[in-house]
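Thanks for coming. I will walk through one structure and then stop for comments. Please look at the display before I go on.

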Amino acid sequence: MPKLRYRKLKANGFEGPTPNFPLGNINDMKKELMKKASATFSSSLNSVFAIGHDIHSLAFPYFASWQKLHGKVFIYWLGTEPFLYIADPEFIKKMSAGVMGKSWGKPTVFKRDRKAMFGKGLVMVEGDEWVRHRHIITPAFTTANVKGMASLMADSATHMLDRWTALVNSGNPEIDVESEIISTTGEIIAKTSFGISFIDGEKVFEKLRSMQVTLFKSTRYVGVPYGNQIMCPKETLKANNLGKEIDLLLMSIIDNRKKMNKDVDRAEHDLLSLLLAGNGRTLSTREMVDECKTFFFGGHETTALALTWTLLLLAQHPEWQTQLREEIKQVMGDGVIDPTKLAGLRKIGWVMNEVLRLYSPAPNVQRQAREDIQVDDLVIPNGTNMWIDLVSMHHDKQLWGEDVDEFKPERFKDDIHGGCKHKMGFMPFGFGGRMCIGRNLTMMEYKIVLSLILTRFSFSISPNYVHCPSIVLSLRPSKGLPLILQPL
Ligand code: HEM
């Protein structure tokens with residue numbers, strides 16, 4: 001009953017842009033994006049030195065302009081679904097204070113739209129089902145287990161860097177590192193999740209990527225009744241078919257693993273083995289398929305983008321490349337990457353946080369209320385969809401000060417909140433019980449891959465780079481990231 005929820009939200013004083021039936025505010029959003037894209041294109045023909053990090057109005061031009069009219073909490077519509085937009089950490093603190101992880105819902109419209117990607121995996125399940133899944137999966141992501149995956153990560157990264165060396169030696173020093181890193185982290189997550197070699201996993205991996213591109217390259221009509229089926233039927237059908245093919249491939253991988261579960265080496269290292277072992281409880285094959293897809297989609301692109309944006313920022317700040325190289329040498333010596341020493345890479349940790357702040361790969365967090373939620377004298381009615389805008393909070397001058405858009409990793413030196421005035425103003429991995437389960441894995445992968453890159457190459461931004469961060473599910477450089485590489 002979206003209309004009823006809207007009336008209740010309005011009665012509680014929440015305002016917002018006027019929606020039209022049946023698209024809601026989708027057309028306004030598209031118009032703002034097109035306006036911004038043409039303005040960005042003409043300005044991006046300037047020098048790479050002009051790259052600025054004030055990206056909220058580039059990535060979410062519609063939210064930036066609605067904020068000016070309606071403040072940091074307002075209602076907008078995706079089709080016939082009202083969403084409460086939130087970019088105020090104090091509001092988030094108050095609304096989440098009394099709600100446990102298991103009591104949060106995820107917007108039903110997204111569950112439907114992204115069924116082929118996430119199914120009933122951890123990102124989408126709710127209530128007791130979420131508790132059961134999280135309980136089984138959590139041990140697989142402990143620091144100890146994740147450390148067992150370090151050599152797989154280093155192997156894939158080294159493979160990528162050998163390719164870069166060959167390209168540079170053949171006279172091609174300019175490389176689009178975004179696509180390179182995305183395929184490497186895809187390979188890493190396929191190996192660490194399903195324990196499949198790149199050759200075996202190539203089929204699954206390619207289909208998973210292809211489904212993601214199919215789903216997110218076209219304009220989405222989420223929330224519009226039958227919107228995607230009517231407006232982009234070919235893509236919708238293709239994504240659904242790919243979803244079914246991937247399910248079959250993963251099911252056969254899981255069944256084979258169940259049969260040959262005595263492979264000790266694998267059992268120690270990949271997530272699937274840990275899920276099969278369970279944690280006092282079990283997941284069905286169907287549920288495991290959805291979790292494998294969830295790890296793949298939730299895990300590889302976010303990590304890849306954190307690394308990609310890092311390379312952009314480090315290319316802009318060569319003095320930080322030098323500092324990090326010195327740190328790596330000091331901590332690791334001249335030898336191979338030792339996972340037990342990664343915690344010593346403190347400056348890399350600051351850089352990672354600063355990158356996740358400026359270019360948050362997961363640009364938003366979504367929730368749906370499963371009960372009425374009181375915030376001061378306001379009520380968020382049961383069923384309300386919520387869209388929490390991390391990019392806005394991470395770029396808010398009131399929270400971070402005048403230097404908010406500058407790359408200053410040292411702000412995280414002695415403060416895990418980076419000096420933000422509100423503890424919930426920095427949350428690249430979400431909040432509360434539903435916080436990202438893969439953050440240990442990501443941090444380790446980030447440190448390993450970045451250390452290996454920095455040890456073998458120095459890099460600068462190619463004049464062909466066009467700075468236009470945009471949202472394709474994640475926050476990505478929409479024209480890739482061409483860098484000029486120099487072997488060390
Ligand atoms: C830089 C990398 C990453 C970022 C920025 C990131 C960000 C996030 C965010 C914002 C959420 C939503 C949290 C919430 O709703 O409060 C989330 C959830 C999740 N992430 Fe990550 N993530 C990253 C890496 C990973 C990796 C490597 C994996 C798995 C291999 C992963 C798996 C998940 C899962 C399964 C959830 C759902 C957790 C739940 O609802 O219980 N993520 N992540």
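Methionine 231 is found in helix H13, residues 227–231. Helices here are DSSP runs of H or I with at least four residues, strands are runs of E with at least two, and both are numbered from the N terminus. Methionine 231 has a relative accessible area of 46%, so it counts as partly exposed. On that scale buried means under 20% relative accessible area, exposed means over 50%, and partly exposed is in between, with a 1.4 Å probe and protein chains only.

Before the rest, the ground rules. This is a predicted model, in which local features need pLDDT of at least 70 and side-chain atom pairs count only at pLDDT 80 or more, while totals for chains, interfaces and linings use all residues. Residues are numbered from 1 along each chain as its sequence is written, and side-chain values use heavy atoms, with hydrogens and water left out.

Back to methionine 231. Together with Tyr226 and Ile230, Met231 forms a nonpolar patch on the surface, with about 390 Å² of accessible area for the three together. A patch is made of residues with over 30% relative accessible area and no salt bridge; nonpolar side chains (Val, Leu, Ile, Met, Phe, Trp, Tyr) are joined within 5 Å, and like charges within 9 Å. The areas come from the Shrake-Rupley method with a 1.4 Å probe, and for residues only the protein chains shown count as cover.

Now the salt bridges. Side chains of opposite charge can pair when their charged atoms come close. The rule used here is a side-chain nitrogen of Lys or Arg within 4 Å of a carboxyl oxygen of Asp or Glu. That rule gives a count of 25 salt bridges.

I will take three pairs. In one, lysine 10 and glutamate 15 have their closest N and O atoms 3.6 Å apart. Lysine 10 is partly exposed at 36% relative accessibility, and glutamate 15 is partly exposed at 42%.

Another pair is glutamate 126 with arginine 370, at 2.7 Å from N to O. Glutamate 126 is buried at 19% relative accessible area, whereas arginine 370 is partly exposed at 33%.

The remaining pair is aspartate 247 with lysine 293, at 2.7 Å from N to O. Aspartate 247 is in helix H14 (residues 233–259) and lysine 293 in helix H17 (residues 285–316), so the pair ties together parts 46 residues apart in sequence. Aspartate 247 is buried at 11% relative accessibility, and lysine 293 is buried at 1%.

There is also a network of salt bridges that links Glu354, Arg357, Asp403, Glu406, Lys408 and Arg411.

Staying with H17, aspartate 290 lies in that helix. Is aspartate 290 buried or exposed? At 5% relative accessibility, aspartate 290 counts as buried. Its side chain makes a polar contact of 2.6 Å with the side chain of arginine 286. A polar contact is a pair of N or O atoms within 3.5 Å; within protein, one must be able to donate a hydrogen and the other to accept it, and residues adjacent in sequence count only if both atoms are side-chain atoms.

Next, the ligand. There are 25 residues around the ligand, and Trp130, Arg134, Arg367, Arg434 and Cys436 come nearest; a residue is near a molecule if one of its heavy atoms lies within 4 Å of it. An oxygen atom of the ligand is 2.9 Å from an N or O atom in the side chain of arginine 434. A ligand oxygen is also 3.1 Å from a polar backbone atom of phenylalanine 431.

Which element gives the largest share of the shell around the ligand? H17 does, with 6 residues.

Last, some backbone geometry. Most residues other than glycine have a negative phi, and most peptide bonds are trans. The peptide bond joining phenylalanine 21 and proline 22 is cis, with omega about 0 degrees. Aspartate 376 has a positive phi, near 50 degrees. Aspartate 376 is exposed, with a relative accessible area of 52%.

That is where I stop; comments are welcome.
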